[in-house]
Amino acid sequence: MSRIGRMPIVLPGGVTVDVAGDQVTVTGPQGVLSRRVPSEITIRQDGGVLLVERPGDERRQRALHGLTRSLVSNMVTGVTAGYSKELDIVGVGYRATAKGPGSIELALGFSHTVPVEAPEGVTFEVPSPTRVVVKGIDKEKVGQVAADIRKIRKPEPYKGKGVRYVGERVLRKAGKAAK
């Protein structure tokens, strides 16, 4: 058995889960998330606990067991607490400006500013000009939007300028040796 797959998902107060065939819908104080799960995997509710089960021991079923449990667990966490990713902007003149809850404008050393629009369910906060916080209830969307922002100007190895995750270590290279 998958160690992750057999762990039960404890449902906090105020969270309801509806399983209709292969569609799972999780409703909580932050919002509603829905996902289709593989037909081989079954999800059943036992009181305030969700159990993810597989019918057999085939390779595909074993692979999907822990994955499905993690995805449903992330949905439960998302509708209760939500997710956020913080990005640091490093570089002289590099900054972010909020243009509303769903858009920001980045000045990253290009000849123009780069506008970034958030997809539905994701919001931006700019607590300081060099910090951007991406928030939402869907862990995948939050991570993808943060990765897309980072991709605009990745940290370069010589001076470390660019957009990086908070706490990310950028390996620095030595420049040319002086004579």
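This briefing describes the strands, the nonpolar cores and a few selected side chains of the structure above. The model is predicted. It contains an open sheet of 3 strands in the order β1-β6-β5, paired in the antiparallel sense, and its largest nonpolar core comprises 20 residues. A second, separate core holds 18 residues.

**The open sheet**

- The 3 strands of the open sheet follow the order β1-β6-β5, and their pairing is antiparallel. Because β1 (residues 9-10) and β5 (residues 42-46) each have a single partner strand, they stand at the edges, and one side of each is left without a neighbour in the sheet.
- The antiparallel strands β1 and β6 are joined by 2 bridges, and in this pairing Ile 9 is placed opposite Leu 50 of β6.

- Strand β3, which spans residues 23-27, has Val 24 and Val 26 on its covered face, whereas Gln 23, Thr 25 and Thr 27 lie on the uncovered one.
- On one pairing, β3 meets strand β2 (residues 16-20) in the antiparallel sense over 5 bridges, with Val 17 opposite Val 26 of β3. These two strands form a hairpin with 2 residues between them, and Gly 21 in that turn has a positive phi of about 70 degrees.
- Strand β3 is also joined to β4 (residues 32-36) by 5 bridges, again with the strands running antiparallel, and here Val 26 stands opposite Leu 33 of β4. The hairpin of β3 and β4 has 4 residues between the strands, and Gly 31 in its turn has a positive phi of about 160 degrees.

**The nonpolar cores**

- Among the 20 residues of the largest nonpolar core, those that touch the most other members are Ile 89, Leu 106, Phe 124, Val 132, Val 134 and Ile 149. At least two residues of this core come from each of β7 (83-90), β9 (103-107), β10 (114-117), β11 (122-128), β12 (131-136) and α2 (139-152), and α2 supplies the largest share, with 4 residues.
- Leaving aside residues up to four places away in sequence, the contacts of Val 134 include Tyr 83, Leu 87, Val 122, Phe 124, Val 142, Val 145, Ala 146 and Ile 149, and they also include Ser 84, Lys 85 and Thr 123.
- The second core, of 18 residues, is separate and includes Val 15, Val 17, Leu 64 and Val 76.

- Arg 54 is found in the loop between β6 (49-53) and α1 (59-80), and it counts as buried because its relative accessibility is 12%, which falls under the 20% limit. Its side chain makes a polar contact of 2.8 Å with that of Asp 57 and another, of 3.3 Å, with the side chain of His 65.
- Ser 70 lies in helix α1 and, at 25% relative accessibility, counts as partly exposed. Although Ser 70 and Gly 5 are 65 residues apart in sequence, they are 7.7 Å apart in space, C-alpha to C-alpha.

Note on methods
Residues are numbered from 1 along each chain as its sequence is written. This is a predicted model: local features need pLDDT of at least 70, side-chain atom pairs count only at pLDDT 80 or more; totals for chains, interfaces and linings use all residues. Side-chain values use heavy atoms; hydrogens and water are left out. Buried means under 20% relative accessible area, exposed over 50%, partly exposed in between (1.4 Å probe, protein chains only). A polar contact is a pair of N or O atoms within 3.5 Å; within protein, one must be able to donate a hydrogen and the other to accept it, and residues adjacent in sequence count only if both atoms are side-chain atoms. Two strands pair if DSSP finds at least two bridges between them. A nonpolar core is a set of buried Ala, Val, Leu, Ile, Met, Phe, Trp, Tyr and Cys residues joined through side-chain atoms within 4.5 Å. Contact means heavy atoms within 4.5 Å.
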